[in-house]
Amino acid sequence: TAPAADTMPPKVQKSKAAKLLAAQSSSKSKGKKKKWSKGKLREKKAHATVFNKALFDKFVSEVPKKSIITIFNLVESYKINCSLARKGIRELVKKNLITAVVPSGTYCVYTKSAAAAAAQEKLKAEKAAA
């Protein structure tokens, strides 16, 4: 009973050229190496980061007329960034033109204040009378 190692033929050492050829042929069969996808990229929006005089006047005159005022509504309608919308809202609250409906640190919903609503109704009545 001879050990199994004796019955196996001796291993033939491949030449460097043969090894290189074998390595290249195996990589060809696998195909190209998979590249990571870049993911879905959103396009950058070029919103205003500071108020100019015209934009601020438009903001102050139009926003108090809206029934529901949120940061996102202002960003969409005036093409301003969120921090600018928040600062604008703070300014309007200070001037008593809008009031908070759902006050929260993270998300706040505002509406026109009673004084602003009364002034708007008065303007409508004057226009109707004229």
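A hairpin of 6 residues connects strand β1 to strand β2, strands being DSSP runs of E with at least two residues and helices runs of H or I with at least four, each numbered from the N terminus. Strands β1 (residues 98–102) and β2 (residues 109–112) run antiparallel and are joined by 4 bridges; pairing requires that DSSP find at least two bridges between two strands. Valine 102 stands opposite valine 109 in β2.

The model is predicted, so that local features need pLDDT of at least 70 and side-chain atom pairs pLDDT 80 or more, while totals for chains, interfaces and linings use all residues. Residues are numbered from 1 along each chain as its sequence is written, and side-chain values use heavy atoms, with hydrogens and water left out.

A pocket is an open set of points on a 1 Å grid over the protein atoms alone where a 1.4 Å probe fits, with protein on both sides within 12 Å along at least five of seven lines; lining residues have an atom within 4 Å of a point. Volume is the space filled by probe spheres set on the points, which are joined across faces, edges and corners.

| Pocket | Volume | Largest share of lining |
|---|---|---|
| Largest pocket | about 210 Å³ | helix α4 (residues 71–78), 3 residues |
| Second largest pocket | about 180 Å³ | helix α5 (residues 82–94), 4 residues |

The lining of the largest pocket includes Arg42, Glu43, Phe72 and Cys82, and divides into 3 nonpolar, 1 polar and 5 charged residues. Here Ala, Val, Leu, Ile, Met, Phe, Trp, Tyr, Cys and Pro count as nonpolar, Asp, Glu, Lys and Arg as charged, and the others, Gly among them, as polar. Among the residues lining the second largest pocket are Ile71, Arg86, Gly105 and Tyr110; its lining comprises 6 nonpolar, 3 polar and 2 charged residues.
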